[in-house]
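Visitor: I would like to learn how to read packing in a model like this one. Could you take me through it step by step?

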Amino acid sequence: MTRSATQTRSAWPAIAARTGLALLGGYAVTYAFTAAFARLLPADPVDAVTTASLLSFVVYLLFILWAYAATSLRGVLTGVGVAIPLAIIGFWPQLMEVLG
């Protein structure tokens with residue numbers, strides 16, 4: 001069965017939204033994951049940062065793949081929301097310096 005031109009055009013906003021969320025949201029999640037994992041990993045700080053940085057490539061790839069495979073756009077937005085607690089964990093000392 002083929003799709004008509006109107007059905008194909010109506011899919012573009014959803015594709016654009018998923019692309020934006022995959023790229024920018026995936027970057028935010030990966031950045032927050034890397035900071036949190038480097039802080040929580042029980043190793044020498046240099047080794048923890050190196051390990052977290054190497055894993056960040058896998059996290060980013062998996063998030064991008066999941067953003068396109070998810071059944072709803074709302075689920076992808078929820079996945080991007082995971083970056084907030086991860087960022088709080090990863091950047092807690094810097095947050096305390098800013099707050100006083």
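Visitor: Which residues is Ile89 in contact with, leaving aside its neighbours within four places in sequence?

Guide: Contact means heavy atoms within 4.5 Å. By that rule, and with those neighbours set aside, Ile89 is in contact with Ala36, Arg39 and Leu40. This is a predicted model, where local features need pLDDT of at least 70 and side-chain atom pairs count only at pLDDT 80 or more, while totals for chains, interfaces and linings use all residues. Residues are numbered from 1 along each chain as its sequence is written, and side-chain values use heavy atoms, with hydrogens and water left out.

Visitor: How many residues apart in sequence are Ile89 and Phe37?

Guide: They are 52 residues apart in sequence, and 8.8 Å apart in space, C-alpha to C-alpha.

Visitor: Is Ile89 buried, exposed or partly exposed?

Guide: Buried means under 20% relative accessible area, exposed over 50%, and partly exposed in between (1.4 Å probe, protein chains only). Ile89 has a relative accessible area of 36%, so it is partly exposed.

Visitor: Where is the place of Ile89?

Guide: Ile89 belongs to helix α4. Helices here are DSSP runs (H or I, at least four residues), numbered from the N terminus.

Visitor: At what angle do α4 and α5 pack?

Guide: Two packed helices are described by the angle between their axes and the distance between the axes. The axes are lines fitted to C-alpha atoms over the stretch in contact, and angles run from 0 to 180 degrees between N-to-C directions. For α4 (residues 83-90) and α5 (residues 92-99), the angle is about 75 degrees, with the axes 5 Å apart. The two helices are therefore roughly perpendicular to each other (65 to 115 degrees). On the α4 side, Ile88, Ile89 and Gly90 meet Trp92, Pro93 and Gln94 in α5.

Visitor: And at what angle do α3 and α4 pack?

Guide: About 10 degrees, with their axes 5 Å apart. That makes α3 and α4 roughly parallel to each other (under 35 degrees). Here Gly79, Val80 and Gly81 in α3 meet Ala83, Ile84 and Pro85 in α4.

Visitor: Which residues make up the largest nonpolar core?

Guide: A nonpolar core is a set of buried Ala, Val, Leu, Ile, Met, Phe, Trp, Tyr and Cys residues joined through side-chain atoms within 4.5 Å. The largest one has 10 residues in all, among them Leu21, Val29, Ala32, Phe63, Val80 and Ala83. Its largest share, 4 residues, comes from α1. Not counting residues up to four places away in sequence, Ala83 touches Ala28, Val29 and Ala32.

Key: Parallel < 35°, antiparallel > 145°, perpendicular 65-115°, else oblique.
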